[in-house]
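Hi,

Here is the model I promised to send over.

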Amino acid sequence: MEPIEFDRALSSLLSEDDPLRVRFERWRRFLQRELTFSHSESVCHTTEHVERVLLFALLLGRELKVSSDDLDALALCAVFHDTRRHDDDLDVGHGDRAAAYYREYASAHGRNVDDRVERIIARHDRHDRISEEKFRKEGADDETLLLYRIFKDADAIDRFRFGPKALNERYLRTSAARNLLPLLRPFVLRLTGYEA
Ligand SMILES: [Fe+2]
Ligand SMILES: [Fe+2]
């Protein structure tokens with residue numbers, strides 16, 4: 001089946017004047033204009049994947065009523081998370097490299113580094129048990145753990161780009177992801193040509 005266009009599909013989720021759409025477009029422009037990808041010939045971790053993860057992170061964040069600053073923190077996690085991959089396998093360590101890129105970028109552009117964002121990016125390629133244990137040992141607050149879980153669910157939902165059975169929904173971490181799945185699953189499947 002032919003994949004459908006992203007912008008046409010996006011309008012089915014968010015109207016053009018929806019403030020979340022405006023925020024999404026702002027971060028999408030940032031991603032396209034400012035960031036570089038080490039594994040630019042990637043077939044699985046493309047900018048299209050990153051754009052969808054950005055969109056889902058914002059949608060889940062809104063569903064869970066996170067603050068405006070936290071929506072931007074989620075957006076930062078999304079746009080940077082796969083920028084420093086070396087390959088399309090698990091590539092454990094691409095989280096640390098992407099986190100370093102985030103820190104360098106923020107410093108070079110005179111922006112504050114959000115430690116939560118840096119740590120979420122760094123740990124997104126490890127098992128939840130290991131990552132969450134690290135957060136807890138550091139005394140991270142509930143808000144940081146929630147942002148980590150939202151971001152991980154946003155990345156997980158895009159597994160449907162590999163097909164209708166590519167995500168075991170029991171492993172989703174947030175109620176928002178479970179609530180929005182009936183909307184987001186067909187969104188990914190249509191965009192990637194698995195469903196009409
Ligand atoms: Fe990743
Ligand atoms: Fe990803």
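Helix α3 covers residues 47-63, and its 17 residues reach 24 Å from first C-alpha to last, close to the 24 Å expected at 1.5 Å a residue (that is, 1.5 Å times one less than the number of residues). Helices here are DSSP runs of H or I with at least four residues, numbered from the N terminus. Of those 17 residues, 13 are buried, so α3 is largely enclosed by the rest of the structure; buried means 20 or more other C-beta atoms within 10 Å of a residue's own, with C-beta atoms placed from the backbone. After α3 comes K65, with a positive phi near 55 degrees.

Bear in mind that this is a predicted model, where local features need pLDDT of at least 70 and side-chain atom pairs count only at pLDDT 80 or more, while totals for chains, interfaces and linings use all residues. Residues are numbered from 1 along each chain as its sequence is written, and chains are lettered from A and ligands numbered from 1 in the order written.

Now the core. The largest nonpolar one has 44 residues, a core being buried Ala, Val, Leu, Ile, Met, Phe, Trp, Tyr and Cys joined through C-beta atoms within 7 Å. L54, A57, L74, A75, C77, A78 and F151 touch the most other members. Elements giving it two or more residues include α3, α4 (68-80) and α8 (142-157).

Leaving out residues up to four places away in sequence, A57 touches L74, A75, C77, A78, I150, F151 and A154 (C-beta atoms within 7 Å).

Overall, the chain has nine helices and zero strands, and 36% of its 196 residues count as buried.

Cheers

Key
Buried ≥ 20, exposed ≤ 12 C-beta atoms within 10 Å, placed from the backbone. Contact = placed C-beta atoms within 7 Å.
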